[in-house]
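Morning, everyone. I'll take you through one protein today, region by region. Have a look at the model first.

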Amino acid sequence: MIIGIDDTDSRDGMCTTYLAAVLIGKLEHYGTIKGYPLLIRLNPNIKYKTRGNAAIAITFEPANDTDVGQVKALVIGTVEEMAVFSDENTNPGVVFIEDAPEKLCTDLRVFSMQAVQDVLAIREAEELMKRHGISYRGFKNGRGLIGALAAAGFALCGLPDSTYELIAYREKDRWGTPREIDEESVWAAAGTPGTWDTVDYGNKQIVFAPHSPDPILFGIRGSSEGALMLAFSGIRSEPVERHVVYRTNQNTDMHLIHGKVADVLDSRSYVLDGIVTRQPETIEGGHVIFGISDNGASIDCAAFEPTKGFRNIIRALLAGDEVTVSGSVNDRTLNLEKIKIRSLNNRVMRNPLCCGKRMSSMGKGQGFRCGKCGAVKKEQELEIVERKLEPGYYEVPPCARRHLSKPLSRAGI
Ligand code: ATP
């Protein structure tokens, strides 16, 4: 039996992964958990998400004498007991896949990928489940069925790429209080091979612990359970109530669609080729915006303030540079996660020099005048500039990395 669960938490507390962790403890009395529970990150641009748009799937084999109806009642009872129903944005969904005919995977594979890359309607999840006789329970408007079915789909049909995360949970009476974690031990554990994003070396910051009032103490990300356990064993902290190792699509770039600028839609994430056409500009709040074009279509790209030093790379771009950008699009602006600078333009048209200064424009098509001696010139001049940037790949620092974004180190870069 595959159990999918989503949308049980609120901003003020709880977390669907914690509900899953508690449920795993209960299910172990009724049978065996097969493989790792899945922690699936869905489309990061969905407006209904609480934080990281996560959903959970657990593959469970009931013991011979276990009544499957009792297991379903246990799952639903746990959601009823733990979900934050008072939050109007919490609409839990629970899905049970018991049979897996071939055709189900054909449909589910598409559905699950769409949940990561596209925007789905609740009706689409319900229709698919009715068509295949999947049993489910939606609470309130049932929106959580989308994520619950998508996560169950990956558990049934496979994840094309995956990583692991060990999540350690806090004792209940500490929820909402400052986390007690020995920083020195975290910096030491952060160097464990096969783990990443425990700390942000560049910004001298620990990034593996949230600051919200939820039950999570910290999460260690990496390429194998062995690596996570090794790092975990070195961390000194307040008591860990329980921990779970999840298999996950985090850090895989699964959300990215290889597209063309002309075809971009809001609320999706893309990899796009283009030429810089709007010079980078730092706007209020410290965000840096520039524009790219491809075959007559253009889009703005943003390196927001939390991306810290990454903005210096972006500020150094010039019109004419050839780039490949990756990130999520909202309001026709791509929120940069990574950039590949394919080629740098060193030929720049600039106002002519005179008396040691640049001449001023006299208006569009009117030429240029020297403010000092009054000399006039008609055209801008070609200048070969020396670039401080190197072509290559650049990414936002760990403190600004989105859950789904693949670190360059994972791509062997
Ligand atoms: P947390 O990370 O703390 O578990 P969350 O950020 O996962 O919270 P949810 O509370 O699960 O957010 O809310 C996200 C809602 O959006 C869920 O109801 C989920 O089913 C739905 N959803 C997820 N992906 C899509 C999608 N691609 N299209 C439409 N709805 C989606």
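Which domains is the protein divided into? Domain 1 covers 2–157, and domain 2 covers 163–248. Domain 3 comes in two pieces, 256–343 and 386–411. Domain 4 is 347–384. Keep in mind that this is a predicted model. Taken over C-alpha atoms, the centres of domain 2 and domain 4 are separated by 57 Å.

Let's start with the cysteines. How many disulfides does the count come to? One disulfide. Cys-105 is joined to Cys-157, with an S to S distance of 2.3 Å. The link is left-handed, with -115° about the S-S bond.

Cys-354 is in no disulfide. Its nearest cysteine sulfur belongs to Cys-370, 3.7 Å away. The cut-off for a disulfide is 2.5 Å between sulfur atoms. Cys-354 is buried, with 17% relative accessible area. Cys-355 is in no disulfide either. For Cys-355 the nearest cysteine sulfur is that of Cys-373, at 3.7 Å. Cys-355 counts as partly exposed, because its relative accessibility is 42%.

Where is Met-359 placed? In the loop between strand S21 (357–358) and strand S22 (360–361). Met-359 is buried, with a relative accessible area of 2%. The C-alpha atoms of Met-359 and Gly-371 are 6.6 Å apart, and the two residues are twelve residues apart along the chain.

On to a surface patch. Met-349, Leu-382 and Ile-384 form a nonpolar patch on the surface. Together they have about 300 Å² of accessible area. Leu-382 belongs to strand S25, residues 381–384. At 45% relative accessibility, Leu-382 is partly exposed.

Next, strand pairing. Strand S12 covers residues 240–248, and two bridges join it to strand S3, residues 38–41. S3 and S12 run parallel. Leu-38 is opposite Arg-247 in S12. Strand S7, residues 163–170, pairs with S12 in the antiparallel sense, over eight bridges. Here Tyr-169 is opposite Arg-242 in S12.

Last topic, salt bridges. The count comes to 28. I'll pick out a few. Arg-221 and Glu-165 meet through their side chains, at 3.2 Å from N to O. Arg-174 counts as partly exposed, at 22% relative accessibility. Glu-171 is partly exposed too, at 30%. Arg-174 and Glu-171 belong to a network of salt bridges that also links Arg-170, Glu-180 and Glu-238.

One final pair. Asp-273 forms a salt bridge with Arg-342, and the closest N and O atoms are 3.9 Å apart. Asp-273 is in strand S14, residues 268–282, and Arg-342 in strand S18, residues 333–343. They are 69 residues apart. Asp-273 is partly exposed at 40%, and Arg-342 is partly exposed at 33%.

Definitions and conventions
Residues are numbered from 1 along each chain as its sequence is written. This is a predicted model: local features need pLDDT of at least 70, side-chain atom pairs count only at pLDDT 80 or more; totals for chains, interfaces and linings use all residues. Side-chain values use heavy atoms; hydrogens and water are left out. Patches are made of residues with over 30% relative accessible area and no salt bridge: like charges are joined within 9 Å, nonpolar side chains (Val, Leu, Ile, Met, Phe, Trp, Tyr) within 5 Å. Accessible areas come from the Shrake-Rupley method with a 1.4 Å probe; for residues, only the protein chains shown count as cover. A salt bridge is a side-chain nitrogen of Lys or Arg within 4 Å of a carboxyl oxygen of Asp or Glu. Helices (H or I, at least four residues) and strands (E, at least two) are DSSP runs, numbered from the N terminus. Buried means under 20% relative accessible area, exposed over 50%, partly exposed in between (1.4 Å probe, protein chains only). Domain bounds come from an automatic or database domain assignment. Two strands pair if DSSP finds at least two bridges between them.
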